[in-house]
Amino acid sequence: MNITGSAALVTGAASGLGAATAAELVARGATVYGLDLEQAVAAAGPQPDGVTLLAADITEEAPVRAALARIDADGAVLRVAVNCAGIAPSARVLGRKGPHDLDLFRTVLHVNLLGTFNVLRLAAEAIAQHEPDADGQRGVIVNTASIAAFEGQIGQIAYAASKAGVAGMTVTAARDLAQHGIRVVTIAPGIVDTPMMAGFSDEVRAGLGASVPFPARLAQPAEFARLVTMVTEHDYLNGETVRMDGALRMSAR
């Protein structure tokens, strides 16, 4: 799939993995429409030329459809959709204050899993309207899971369940969309130096980096973004969940 000249939809684009992905796609010749919550869009700084931030709750149909309609109205051809938006609160199944809060569990699944599926289905519908390229391709959708989908740590029950769901959708979505010439690939990052890590001390961050076999450091958002572009351009990658973790296998804590 040729990135140059294509339009891309990126969720969670105001910061972290989404912002890095938007910047990398623009650098590779795409026009990017980034989605994030209204407060995140308002707080975001200047965007690279070619990136348009739109306020949208990915768990709701109407705002995502409105963003897709904006892309179409601009005359852009949507070929790429990247789901980066997500949350990662921590709570044990049974903690000092009692059992895991059910509403918290529901919220994490609502954002991470239902939100990803909502954008997946609506972006697929929009991509399918365009003419295929010479190889029969119309586009690619890249979702974000986590290595917590496979080795969730203590306190990650909701996050691990939501990301396991994202990984679990991958093959089925790829098979469902094959007839439309749309590939689906999921990336499962390890420990990435995003704003989610900002609350940790330098000592804790250094310890997390040292736990990675090689390279013994935190991953950078730009590395995730480069993997997104590689997946987009590698036409035979489909229906797969790719770990980006420096060979890390998470311990219980």
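**Overall fold and helix packing**

The protein chain has a radius of gyration of 18 Å (taken over C-alpha atoms; the globule rule is 2.2 Å times the number of residues to the power 0.38), which agrees with the value near 18 Å for a compact globule of 253 residues. The model is predicted: local features need pLDDT of at least 70, side-chain atom pairs count only at pLDDT 80 or more, and totals for chains, interfaces and linings use all residues. Residues are numbered from 1 along each chain as its sequence is written, and side-chain values use heavy atoms, without hydrogens and water.

The chain holds 8 helices and 9 strands (DSSP runs, numbered from the N terminus: H or I of at least four residues for helices, E of at least two for strands). Buried residues (under 20% relative accessible area, 1.4 Å probe, protein chains only) make up 49% of the 253 residues.

Two helix pairs were examined. Helix α1 (residues 16-27) and helix α8 (residues 221-233) have axes that come within 8 Å and cross at roughly 50 degrees. Axes are lines fitted to C-alpha atoms over the stretch in contact, with angles from 0 to 180 degrees between N-to-C directions. Contact means heavy atoms within 4.5 Å. On α1, the contact includes Leu17, Ala20 and Leu25. On α8, Phe224, Ala225 and Val228 are among the residues involved. The contact residues comprise 8 nonpolar, 3 polar and 2 charged (nonpolar: Ala, Val, Leu, Ile, Met, Phe, Trp, Tyr, Cys and Pro; charged: Asp, Glu, Lys and Arg; polar: the others, Gly among them).

Helix α3 (residues 61-73) packs on helix α4 (residues 102-127) at about 35 degrees, with axes 10 Å apart. Glu61, Val64, Arg65 and Leu68 of α3 meet α4 residues including Arg121, Leu122 and Glu125.

Notes. Buried means under 20% relative accessible area, exposed over 50%, partly exposed in between (1.4 Å probe, protein chains only).
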